[in-house]
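Open the model in your viewer and keep the selection panel at hand. The tour goes stop by stop: what to select, then what is there.

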Amino acid sequence: MTGRDIPEQYLDGYARILAEVSATGRRLTREEIESRRALGEQAAEAGYGLRALVSAHLTAARAVRSHSPVTADSTLAAVQQVIDAFAEGYERAQRLAVRQEEAARREFIDDLLYGRSDLGRLAERAERFGLRLSHAHAVAVAEGPVAYDEGATVARQVEQALLARFGNRNVLLTTKEGRLLCIAPGHEDEVLPYFAKQAHAATDGGTVAIGRPQPGPGGVVQSYEEALNTLELAERLGLDEPVLRAADLLVYPVLARDRQAMADLVLSTLGPLTTARGGAEPLLDTLTAYFDSGCVAAEAARRLSLSVRAMTYRLERIHKLTGANPADPAHRYMLQTAVIGARLLEWPAKNL
């Protein structure tokens, strides 16, 4: 849009003020400055570009100057005051619009994730943010060492990376309770892994969990909850992978579903370890490292900074106390399941 396309209403009184100020050399009055600010706000709300508005002011100033005998310095000083006040009002309106947009997005995210709006109205609002709730969506959640909000550098950095890579592909990036959230269409397989990579780097080594694609209006909520549960599981199990997929960890929610049965398994299988000198924790760590290393004693010993001989002694001690041999395939599944249950239930730190 050029300066010629700007309606005269946003230059209302400008020529008169400029002519008077230029002729007398006086500065703008408080009322005149405030009137320019008000017009700047109105122009911003109407969607006109600041560059075109400034161009229109300069064009009008040349017309006034051509009919005025005053010096260039006097005219320029008046133009500077006018444009400065106009731009201040324009920027004030823009900041208000940004805050309103952020508030609307936060309200939408809250309603979407907590179901505080009817589905028809929610779907209508979702289209404003590029989401079509009738389709499947998946959610990734990134958690870092500190809390993040939408104005944080980390959030802006990740958003810019996504826009540069994918453009506008109906992807919504936001924050919730100090975490970064990315909501993407379920068929866009590249978006969430790329978000995870960028978020991991931007959050200085944070953890990212990716929920499974879920269909329908409630799909976003289901995928979001899966991602949150995956983050919680990662903390309980001590998983240190930077990116975790809910689809790869489905066995853990299944095991934890019957808490009482799992507690019984843990106590009956691993309970005897509490009688060992030093308690159950060192031997439980031994089993964890052994199973995580593919039941290779040398690798487990390396992970625990032990000698292979010390590792072998610990495994024999576990066999003697529990009656189950970690190296025996017939006993291995029961022991490994009990170890997973212990980590999920935070045993032996918590009584079962």
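**Start inside: Ala-142**

Select Ala-142. This residue is buried, with a relative accessible area of 1%. Buried means under 20% relative accessible area, exposed over 50%, and partly exposed in between, with a 1.4 Å probe and protein chains only. Ala-142 sits in strand S1, residues 137–143. Helices (H or I, at least four residues) and strands (E, at least two) are DSSP runs, numbered from the N terminus.

Before moving on, note what you are looking at. This is a predicted model: local features need pLDDT of at least 70, side-chain atom pairs count only at pLDDT 80 or more, and totals for chains, interfaces and linings use all residues. Residues are numbered from 1 along each chain as its sequence is written, and side-chain values use heavy atoms, with hydrogens and water left out.

Now show the surroundings of Ala-142. Leaving aside neighbours within four places in sequence, Ala-142 is in contact with Arg-179, Leu-180, Phe-195, Ala-199, Thr-207 and Val-208. Contact means heavy atoms within 4.5 Å.

**Zoom out: the whole chain**

Colour by secondary structure. The protein chain has 14 helices and five strands. Of its 352 residues, 43% count as buried. Take the contacts between residues at least 6 apart in sequence: 70% of them join residues at least 24 apart.

Select residues 172–176, strand S2. Five of its five residues are buried. Leu-172, Thr-174 and Lys-176 point one way from S2, while Leu-173 and Thr-175 point the other way.

S2 and S3 run antiparallel and are joined by five bridges. Two strands pair if DSSP finds at least two bridges between them. Leu-173 stands opposite Cys-182 in S3. Two residues lie between the strands of this hairpin, and Glu-177 in the turn has a positive phi of about 50°.

How many cavities of 30 Å³ or more does a search of the whole structure find? It finds one. The largest cavity has a volume of about 50 Å³. On a 1 Å grid over the protein atoms alone, a cavity is a set of points where a 1.4 Å probe fits but cannot get out, and a pocket is an open set with protein on both sides within 12 Å along at least five of seven lines; lining residues have an atom within 4 Å of a point. Grid points are joined across faces, edges and corners, and a volume is the space filled by probe spheres set on the points.

Select the cavity lining: Arg-105, Glu-150, Ala-155, Glu-159, Leu-173, Thr-174 and Thr-175. Helix H6 (153–166) and S2 are the elements that give two or more residues. S2 gives the most, with three. The lining divides into two nonpolar, two polar and three charged residues. Here Ala, Val, Leu, Ile, Met, Phe, Trp, Tyr, Cys and Pro count as nonpolar, Asp, Glu, Lys and Arg as charged, and the others, Gly among them, as polar.

**The largest pocket**

The largest pocket holds about 510 Å³ of space. H11 gives the most, with six. The pocket lining has ten nonpolar, three polar and ten charged residues.

**Along H14 to the segment after it**

Stay on H14 and select Thr-337. Is Thr-337 buried or exposed? Thr-337 counts as buried because its relative accessibility is 10%. Its side chain reaches the backbone oxygen of Tyr-333 at 2.8 Å. Leaving aside neighbours within four places in sequence, Thr-337 is in contact with Leu-255, Met-262 and Leu-265.

Move on to Pro-348, in the segment after H14. A cis peptide bond joins Trp-347 and Pro-348, with omega at about 10°.

**Last stop: two loops**

Select Asp-204, in the loop between helix H7 (191–202) and strand S4 (207–210). Its phi is positive, near 60°, in a residue other than glycine. Asp-204 is exposed, with a relative accessible area of 68%.

Finish at Cys-295, in the loop between H11 and helix H12 (297–303). Cys-295 has a positive phi of about 65°, although it is not a glycine.

Methods:
Polar contact = N/O pair within 3.5 Å; in protein donor to acceptor, adjacent residues only side chain to side chain.
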